[in-house]
Amino acid sequence: MSNRNWNIVVITLSILFTTGLVMFLLSTLRIHQWVGSLTQEQPAGDRPKRIMLISQELDNPFWRTVEQGAREASAAHAYELDYAGPFRINPLEQRKLLEKAIAAKVDALLVQGLGDPAYRELIDQAVAQGIPVITVDTDEQDSKRLAYVGSNHTEAGERMGRLVVEASGGRGQIGVLVGELQASNQRERLDGFRSVIGRYPELSIVEVRSSHISRLQASRQAEELLLKHPGVGYMIGFSTLDAVGILDAVKRVQANGMTIFGFDDLRETMEGIQACTISATLVQQPREMGQTAVSLLHDYFAGRAPGPMHYTDITVAGGICR
């Protein structure tokens, strides 16, 4: 390797390392600032209820919309809403944030389920201390959470399956991306999808890969899948960034005639639908999730126990291109 190329490699690695270190330090600082704000002494007398929303990823568009809905409902009921989350998806940091929120004695918690026994124990610990917990987007089954608010993910997967059957006529090869195979909402979507596709012997799923909820990884995994399985005619993305990542890969490998289905109404996804480069997407209602979760807490504070499951609607956008 020439000295010039070696210098480029060293500089690139240095930039990546520095960027990662800065993100870690910023994340740590944000947590300390947030905890400090939670633990400030409150004035005597009545104070507004303080609700903590812990997201999967701080600036993820889906979770920012959940936050918007939760803030609107909180303002309507004169509650205070605090919002926190990892800068990048990090279940361990979500767990730490939950621990700190419990220690700060917030009045209620809105969290994403992780399917993690240690996280489940923390939810139960919060409830034992009189802090009601509502899971949003992903349930934490077998925990003592008050309620779940979000999509019926199995039904969403089934709906995606029916879209693919209609588009394919029940024949063809399918490649699938999920955000994280360990995430229960992704597994439920995949299970529902498989339950429909399995009824058609000439329609097959050739491979399922994880995008790790990253557009770059979605693009990379889709490209590898398409090169490995050139007969694939349908690509499905079950998390927010998958469809646009798939579209990037399709353009690079020139997989002409590919039919792409996505999840959520990311701006780039909707632009792809308008351009007929993405066939359709299933649209969740994150704003409604935030609003409903806070409204259920309001009922709880008023002595009205909410039911355990509150499913929000899923609609189809697109599907008109042929």
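Before you click anything, one word to know: a residue is buried if its relative accessible area is under 20%, exposed if over 50%, and partly exposed in between (1.4 Å probe, protein chains only). This is a predicted model, where local features need pLDDT of at least 70, side-chain atom pairs count only at pLDDT 80 or more, and totals for chains, interfaces and linings use all residues. Residues are numbered from 1 along each chain as its sequence is written, and side-chain values use heavy atoms, leaving out hydrogens and water.

**Stop 1: helix α5.** Select residues 153-168, which form α5. Helices (H or I, at least four residues) and strands (E, at least two) are DSSP runs, numbered from the N terminus. Which residues of α5 are buried? H153, A156, G157, M160, G161, L163, V164, V165 and S168 are. Step on to G169, which follows α5 and has a positive phi, near 70°.

**Stop 2: the sheet.** Now show the strands: an open sheet of 6, in the order β2-β1-β3-β4-β5-β11, with parallel pairing. Two strands pair if DSSP finds at least two bridges between them. Pick out β2 (80-84) and β11 (309-311) at the edges; each has a single partner strand, so one side of each lacks a neighbour in the sheet. Next, select β4 (133-136) and β5 (147-150), which pair over 3 bridges. Zoom in on I134, and you'll find A147 of β5 opposite.

**Stop 3: a helix on the sheet.** Select α2 (61-76), which packs on the sheet and touches β1 (50-54), β2, β3 (108-111) and β4. Contact here means heavy atoms within 4.5 Å.

Notes: Axes fitted to C-alpha atoms, helices over the stretch in contact; angles between N-to-C directions. Expected span 1.5 Å × (residues − 1).
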